[in-house]
Amino acid sequence: MDPEIGVLNDSKDLNAIGHRIVHGGEKISGQMIIDQEVKNQIKSLFDLAPLHNPPNYTGIEVCEEVFPGIPQVGVFDTAFHQTIPEVAYRYAIPESWYKNYHIRAYGFHGTSHRYVSEKARKFIGGENSKNIITLHLGNGASMAAIKDGKCIDTSMGFSPLAGLMMGTRSGDLDPSVPIYMINNHNLSAGEVDKILNKESGLLGIGGESDMRDLEKRMKSGDQSASLAINMYTYRIKQYIGNFTAIMNGLDTLVFTAGVGENSDFIRNEICRNLDYFGIELDENLNSDRSDVVRKINSENSKVNILIVPTNEELAIAQRTYDLLEN
């Protein structure tokens, strides 16, 4: 065991425990020391994040039992998106739905978007990175528009189902589609929910959710794999245009997460034909494999294009440390 960074010898050596909590609702805008009030808030959001908040809550209770007296800190995925203005997070639905049922866009992957955007601003310099778009592209995928270090819009909404096409999630969809399937094709709400979250996206179109396998099939001429990838990159381009418009400019495009960091093919497909925005890749830099922050744009590109490896565990540890220090 490494004497400096190895496993703890005793639980008494533990100073704090940081937890990733997916949904913090509207009341939590940063990392918080977990007390009963915070636990109640996490529990009150079970209905809005049924797949995530309940196990997050269980993790807290287990740690309280196993490590009594050790401070616990919640780092919330939704917190980074609390700076999004009302014009962006509100839906055009009756006011009572928002006030009574808290239906609005919350955004997710916030811990990752914050981490990589801060790394990008430090790498490029604040003056040259006022308008950043971060692309967190993994099995789940989302984008964020970050102006002067603050998130002003994001692709995910009320739930992680909204926005981009993902590994198994549909992304944006006409809201009448689920209603139509329930009313006309004998599907229950639960069945529709399962299909849109677990049987759609790349899996629904291309037959599998692993981008590496789809890339191989596309390069060999497979039509369904080609359609899946083309739909995937098409929707990302739509959001790049959308976010560039609302920020009135774009300085830096950041790729992160499993697909974003590792697929030079997908990065190339996303950036292709975006020269109007001044986005131009350097093919050699794009194909280089490395696990450090790096630029992959050509010298002629007006937009910085970066790969920034995300590290949500480190980000949670940093937020936990910063909160306790302050």
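**Notebook: ring pairs and a helix crossing**

I looked up Tyr 276 and found it exposed, with a relative accessible area of 77% (exposed means over 50%, buried under 20%, partly exposed in between, with a 1.4 Å probe and protein chains only). I note that this is a predicted model, in which local features need pLDDT of at least 70 and side-chain atom pairs count only at pLDDT 80 or more, while totals for chains, interfaces and linings use all residues. Residues are numbered from 1 along each chain as its sequence is written, and side-chain values use heavy atoms, leaving out hydrogens and water.

Next I turned to the aromatic pairs, of which the structure holds 5 (rings of Phe, Tyr and Trp, the last by its six-membered ring, pair if their centres lie within 6.5 Å; planes under 30 degrees apart count as stacked, over 60 as edge-to-face and the rest as tilted). Phe 46 is partly exposed at 22% relative accessible area, whereas Tyr 57 is buried at 8%. Tyr 276 and Phe 277 also form an edge-to-face pair, with 5.8 Å between centres and 90° between planes.

Which angle do the axes of α10 and α12 make where they cross? I read roughly 50° for helix α10 (residues 223-247) and helix α12 (residues 264-271), whose axes come within 9 Å (axes are lines fitted to C-alpha atoms, for helices over the stretch in contact, and angles run from 0 to 180 degrees between N-to-C directions; helices are DSSP runs of H or I, at least four residues, numbered from the N terminus).

Technical notes
Helices (H or I, at least four residues) and strands (E, at least two) are DSSP runs, numbered from the N terminus.
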